[in-house]
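Please look at the structure below before reading the points. They cover a packed residue, the cores, and a charged residue.

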Amino acid sequence: MNNSAQQSRLDGVTAVVTGASRGIGAAIARSFAAAGARVALVARDAGSLAELATEIGGGAFAVPCDVTRSDLVPAAVKQINATFNAPVKILVNNAGLFRVGAAHLLPEADLMSMLEVNLVAPHMFVREFLPAMLAAKAGHVVTIGSVADRTAYAGNAGYSATKFGVRAMHEILRAEIRGTGVRASLVSPSATDTPIWNLLAPAQREKFPKAEEMLRPEDVAAAVLYAVTAPPTVNVDELRLTRA
């Protein structure tokens, strides 16, 4: 595919990416913008979002928002809809939080935080954007899962529970929207080299692959772009990504 075709695959498409300030979210936003989409960048870090919006251009704009706050999400959605002045075509639920700990040792606060970011927030954004997609009989909801949404790892009780949960949400959503013109895809990468690892203590990090053994954020972004640019008659139900 030549560069002009590559850059036109999402011409004029409106997209929302949560957790867009860094890592996988930022990589997805860059790939969407390069393919011609207008991108709403959602995350808490207003400064990083503004820098990314300037970097990628193409009408990208920052929407600072704590995605776990049910009192703030509607205002963010209102800003997105007003700025686009058009229905949102693609929603990427990417924002994620990773904490490790055995089932009997994981602090309650860590579990609750992961539940709010990894499971409750995606539900809130689907609830906000799906009705318009259904009315238009077009749209795409992408959920960023994890290898941990299907595989059990010792010490991963809370995170895996939230990712199993969001996979279930995706599968039920897919069943509910089949035949409506709206599509849904789950993209589940193995360990990816992003800042999500930075909060782990050194002893904890030793249990996981080294950075050079992980996927790159751009690898995941390429998979998401593949899913959303499939022919309209094709739904990419699920992509599971591992390091070759």
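1. Start with Phe129, which is in contact (heavy atoms within 4.5 Å) with Val16, Val77, Ile80, Asn81, Val88 and Leu91, leaving aside residues up to four places away in sequence. The model is predicted: local features need pLDDT of at least 70 and side-chain atom pairs pLDDT 80 or more, while totals for chains, interfaces and linings use all residues. Residues are numbered from 1 along each chain as its sequence is written, and side-chain values use heavy atoms, without hydrogens and water.

2. Phe129 is also one of the residues that touch the most other members of the largest nonpolar core, which has 41 residues; Val16, Val42, Ile80, Leu91 and Met133 are the others named. A nonpolar core is a set of buried Ala, Val, Leu, Ile, Met, Phe, Trp, Tyr and Cys residues joined through side-chain atoms within 4.5 Å. Buried means under 20% relative accessible area, with a 1.4 Å probe and protein chains only.

3. Apart from this core lies another, of 39 residues, including Ala35, Ala221, Val224 and Val236.

4. Arg183 belongs to strand 6 (strands are DSSP runs of E, at least two residues, numbered from the N terminus). Is Arg183 buried or exposed? Arg183 is buried, yet has no salt bridge (a side-chain nitrogen of Lys or Arg within 4 Å of a carboxyl oxygen of Asp or Glu). Asp237, the nearest side chain of opposite charge, is 9.2 Å away.

5. Backbone oxygens do lie by the Arg183 side chain: a polar atom of that side chain is 3.3 Å from the oxygen of Val228 and one is 3.2 Å from that of Ala230.

Notes: Buried < 20%, exposed > 50% of the residue type's maximum accessible area, 1.4 Å probe, protein only. Helix = DSSP H or I, 4+ residues; strand = E, 2+ residues; numbered from the N terminus. Lys, Arg positive; Asp, Glu negative; His and termini not counted. Polar contact = N/O pair within 3.5 Å; in protein donor to acceptor, adjacent residues only side chain to side chain.
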